[in-house]
Amino acid sequence: MSGRGRRASRGPLVALLVVATIAALPYNPAVNADIVGLGPSIAHPLGTDAVGRDVGLRLLAAVRPLVIGGGTALAIALLLGVPLGALAGARGGIWSRWIRGFGLAVSSLPAIPLVLLLGLVVGHGAVPLGLAWGVAMAPGVLQALYQRVDALRREERLLALVAHGIPEWRAVAVHLVWNNARTELRTWSARVLAGFLAMETALSYLGRAGVAEPQPSWGNMLAMALSAGSSQNAAAWIAPAVAVAVVSAGLWGLALGVPRLAPGEDIVAAPGALDVRALEIRSADRVVARLPELGAPPGTVTALLGVSGVGKSLVLRAIARILPDGLRATGRLTRPALAWIAQDGRSSLDPLLRIREQAPDPGAALARSGFPADRLDAWPHELSGGEAQRAALLCVLSGPSVGLLLADEPTTGLDPRARRALVRTLLTVARAPSGPAVVFVTHDRRLLPGFADAIVEMDGARPAPPALAPRVRPSPGPVLLHAEGLSVVAGLTRRPAYPAAPPILTGLSVDVRGGETVGLIGESGVGKTTLLRAFAGLCASSGTLDVLGVDPRSARPKGVQLLWQDPGTSLDPALTVREILSISAAIGQGHRTVDEALRRVGLLTQADAVPDELSGGERRRVSLAQVWLAGAVLVLADEPSAALDAQRSLEALDLLRDLVGETGGVVIASHDLVLVLPTCDRVYVLHEGRCVDVFSPSEADDPGRHPYTRDLLAAG
Amino acid sequence: MTDAPGIRARAFAQTWLGRLSGWLLAWVGAIVLVQILVALAPGDAIDTLPDPGLRAQLTAEWGLGGPLATRVIAGTWHALIGAWGSSWTVRPGDSVGGLVATAMGASAPMLVAAWAVAVGLGAAVRGRGWGEKVVVGLSTLPVVLLALGAIEGINAAVWAGMSAGWWGRPAFFALPMEGGVVRDALALVALGVGSAGVAAVAARLAEADARIDASGFVLAARARGMTVSALRSLKWRHRVVPLIEGAQAAFPPIVGGLVVVERLCALPGAGDLLWRAVEARDIPVATGVVVALTGTTVVVGAALDLLRRAWDPRLRAEA
């Protein structure tokens with residue numbers, strides 16, 4: 001748990017201690033006919049009830065059944081709901097269907113009728129009530145845990161933790177449930193307790209199945225006071241009513257705490273051609289991005305460059321006046337009517353409308369955007385990444401005329417050909433008669449020649465990582481990975497799916513020796529990621545496969561580590577960098593220290609930050625430190641340059657090579673041949689389900705290269 | 001998609017049939033659970049029946065002498081085919097089916113109206129600042145407290161007016177013993193507002209609003225300078241699924257609250273019948289009411305589930 005988490009946990013602990021103390025206070029239920037219905041006095045601050053008992057003492061003593069019954073309900077709901085929900089979320093498939101089906105069956109029974117029915121079996125009183133309420137609430141806990149853990153599993157966080165070497169049970173219990181589903185646990189704990197209070201009060205008031213006299217309960221106190229009539233002490237019914245209302249509101253307050261996102265404050269924009277001066281974007285305590293000057297006349301294309309984390313996207317959002325909550329911008333801004341396209345084109349589209357409905361009169365815009373006319377009836381979720389970007393462009397072009405088009409890294413995730421095509425389209429849009437100014441963010445300088453009219457560089461405020469000595473290629477060591485006649489099947493299972501799915505890659509032969517860096521190159525969707533996972537034993541495959549002396553389909557080879565395309569996947573968002581690396585050091589059996597890892601990746605000053613506070617490049621360096629600490633001999637890196645600028649990508653690859661050392665091997669899967677070529681000793685080109693070419697960098701210009709390889713080299 | 005329309009239609013039908021059969025299975029599972037609880041209940045109210053012939057007949061009819069599994073299977077089968085037998089103690093000899101149907105008929109308008117109040121209020125107050133805080137705050141009060149507060153408050157106010165000579169004794173005085181529109185309205189508001197249904201709907205919508213506000217298409221619309229009213233109508237389309245989910249979450253607590261409200265307001269209905277059946281250990285009647293209430297929850301849940309899928313193309317594509 002992070003330091004912040006530990007500090008935050010003191011409040012509930014103190015509250016728990018106070019409640020437990022109150023519940024443990026001694027209580028004498030004896031009646032006293034001499035002081036019946038007295039009003040408040042010094043001896044009895046809340047007066048006495050209809051049979052002469054002190055209302056204040058009974059009010060406190062009524063906490064006991066709530067603690068006992070509520071505690072029982074909470075324990076039952078959590079004991080049933082958490083493991084079942086976590087299991088359903090972590091496993092998915094048939095486990096998930098059956099467990100959730102069981103939850104659905106129980107939750108179809110309305111809670112109070114279920115409690116009454118359970119009361120027939122287990123009797124009445126606080127504990128049976130708690131038992132019944134716990135059973136009734138367990139499906140809610142189950143469903144909430146399932147949704148959270150399932151979402152984390154779909155983000156491949158569980159897979160990343162297990163592939164890193166953390167036992168599955170520990171990854172689920174500690175990292176997914178305790179670290180990342182605590183909000184759900186808190187919310188549902190509060191709901192269980194609030195519901196128990198409401199039910200116990202109602203049943204005790206109604207006189208059946210609840211807490212019966214002479215044991216005090218706020219419900220039976222209300223019943224007695226109200227049945228005694230208005231001549232009696234009013235505090236006898238006001239006090240329990242207020243107690244129920246306050247505790248219920250407090251518990252529901254905990255249960256309904258929802259994060260609210262409000263648009264951030266923003267500078268006032270004047271109309272006119274885009275002109276930005278002295279723009280500063282600030283969080284509460286620091287400047288997060290700065291841009292001295294930016295101008296873009298209509299019909300021009302301006303590229304906004306800068307290293308990862310410098311705040312390029314934030315600048316676009318400040319211009320569009322859609323800064324995230326907590327940030328504000330200062331400076332001078334003049335801008336025309338504008339349109340904005342998000343990094344992922346699909347998210348720029350309304351998911352509930354077909355493309356035709358979002359661009360009702362496409363006309364000439366259809367040709368300008370390059371969106372295929374036969375896909376107009378598609379839903380956004382049915383489009384590929386490139387199609388989605390074009391659809392977003394189509395919507396912009398077919399809408400009201402704009403003077404400025406802001407595009408936030410529109411080429412991210414596209415293969416080289418799709419990237420080139422989109423860039424050409426943006427250029428056509430800008431160059432059209434009365435075309436808008438286009439300002440776009442990119443990492444990729446190779447796109448700029450012949451495209452951008454102006455380039456604006458943003459300066460970074462973060463420290464640069466340490467420089468590395470030039471790499472001397474060692475002579476190849478022993479074989480670390482040997483695959484022959486390998487076919488791989490998509491999907492995360494070691495066993496082939498039933499009915500057997502067709503392999504997406506066949507007849508592959510790959511060798512990696514100590515000291516070598518090997519590249520797997522191919523367009524998006526060809527199966528590079530699946531092949532890397534098959535090497536790690538996470539995907540089904542057939543054929544010969546030997547990784548560090550073992551077949552990964554039967555046993556997990558020690559010393560193999562995966563680097564995920566999104567470096568955040570392997571980082572527990574609830575932990576600090578130091579805590580994350582401590583776990584990796586434990587996996588590596590402590591041969592390397594966390595401080596040494598932080599020093600080598602240049603993150604000593606960010607050791608106490610959580611992943612969300614780091615830039616993409618910094619997160620990548622943390623993931624590199626993870627594999628080093630875990631004692632990686634063979635690293636399988638999936639698109640390690642994704643979302644990084646060229647400089648950061650090369651730094652990351654060099655750092656990876658340096659960390660693995662002269663005896664280790666690296667396999668890099670990427671669609672960016674030109675970027676990884678200088679780093680690799682050998683490149684395997686994957687195309688249409690097979691390996692079509694194998695060559696070393698010195699052979700790249702060989703005229704005998706496969707046509708597809710030549711295409712890739714030309715596109716780069 | 002490149003699939004032929006026939007294949008898509010078949011996949012669509014299979015998905016919907018699959019969802020429906022899932023809900024049906026859940027209902028059967030709930031009935032089995034009820035039967036297990038009933039079979040585990042210690043002692044039998046049937047022993048209190050004076051007529052040995054009737055005792056023997058009911059014992060044979062319900063398989064009461066058999067092992068647990070036999071009793072559960074027999075009970076489940078009886079429930080599924082609608083052979084719920086006759087009441088033991090609440091209305092001895094009367095058909096349970098008839099009793100439950102009458103009670104459900106009496107409760108249905110209240111149930112539907114209270115549910116509509118919860119969903120409507122939850123949706124209406126969402127984003128209304130203090131209005132939302134007050135209504136959601138009231139909704140988190142236990143239904144018993146809200147109903148009692150209303151009953152006592154109305155009675156006290158009417159009595160004060162009568163004592164001061166401002167008005168005579170109204171027909172509905174004193175609640176809850178006298179029936180009429182005031183009592184029905186009071187029960188309706190207490191059930192709709194006081195079962196946390198409003199809070200469930202408002203919370204679901206608040207969560208959805210945060211997600212929608214941060215989504216790319218809303219940011220793109222805001223960047224384009226879309227007017228506030230146009231933006232609101234754009235967002236409403238995306239609030240339909242969370243609203244349906246909120247309505248789904250609000251229904252079971254309202255069904256539970258029905259027991260409390262009907263007892264407090266002296267209204268005849270399924271909740272009141274269940275209470276009396278449990279008090280009198282009339283197991284066929286208690287079982288019948290629970291199975292009927294569960295069936296209602298399942299039907300509502302299944303209908304809303306299908307509505308959600310019909311509205312959102314991404315959910316339809318999950319199959």
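Visitor: How many residues does the contact take from chain A and from chain B?

Guide: This is a predicted model, in which local features need pLDDT of at least 70 and side-chain atom pairs count only at pLDDT 80 or more, while totals for chains, interfaces and linings use all residues. Residues are numbered from 1 along each chain as its sequence is written, and chains are lettered from A and ligands numbered from 1 in the order in which they are written. Two residues are in contact if their C-beta atoms, placed from the backbone, lie within 7 Å. The contact takes 55 residues from chain A and 61 residues from chain B.

Visitor: Which element gives the most to the side of chain A that touches chain B?

Guide: Helices (H or I, at least four residues) and strands (E, at least two) are DSSP runs, numbered from the N terminus. Elements giving two or more residues to this side include α5 (93–107), α10 (182–206) and β6 (338–341) of chain A. With nine residues, the element that gives the most is α6(A).

Visitor: How do the residues of that side of chain A divide into nonpolar, polar and charged?

Guide: Here Ala, Val, Leu, Ile, Met, Phe, Trp, Tyr, Cys and Pro count as nonpolar, Asp, Glu, Lys and Arg as charged, and the others, Gly among them, as polar. On that basis the side of chain A that touches chain B has 41 nonpolar, nine polar and five charged residues.

Visitor: Which elements of chain A do the buried residues of α19(A) pack against?

Guide: A residue is buried if 20 or more other C-beta atoms lie within 10 Å of its own, exposed if 12 or fewer, and partly exposed in between, with C-beta atoms placed from the backbone. In helix α19 (residues 577–587) of chain A, the buried residues are V577(A), I580(A), L581(A), I583(A), S584(A) and A585(A). Just after α19(A), Q589(A) takes a positive phi of about 60°. The buried residues of α19(A) pack against α8 (157–164), α20 (594–601) and α21 (616–629) of chain A.

Visitor: Why is one side of β11 and of β13 of chain A left without a neighbour in the sheet?

Guide: Two strands pair if DSSP finds at least two bridges between them. The open sheet of three strands has the order β11-β10-β13 (chain A), with antiparallel pairing. β11 (505–513) and β13 (541–547) of chain A stand at the edges, so each has a single partner strand.

Visitor: What is the bridge partner of V479(A) in β11(A)?

Guide: Strand β10 (residues 479–488) of chain A runs antiparallel to β11(A), and six bridges join them. For V479(A), the bridge partner in β11(A) is R513(A).

Visitor: At about what angle does helix α18 of chain A run to β10(A)?

Guide: Axes are lines fitted to C-alpha atoms, for helices over the stretch in contact, and angles run from 0 to 180 degrees between N-to-C directions. Helix α18 (residues 528–535) of chain A lies across β10, β11 and β13 of chain A, and its angle to β10(A) is about 125°.

Visitor: Which element of chain A has the highest mean pLDDT?

Guide: pLDDT is the predictor's confidence in each residue, from 0 to 100. Chain A averages 82, and 90% of its residues score at least 70. Helix α1 (residues 3–8) of chain A has the lowest mean, 46, and the highest, 93, belongs to helix α4 (residues 63–91) of chain A.

Visitor: What ipTM does the model score?

Guide: Chain B averages a pLDDT of 83, with 93% of the residues at 70 or above. The model scores pTM 0.80 and ipTM 0.84.
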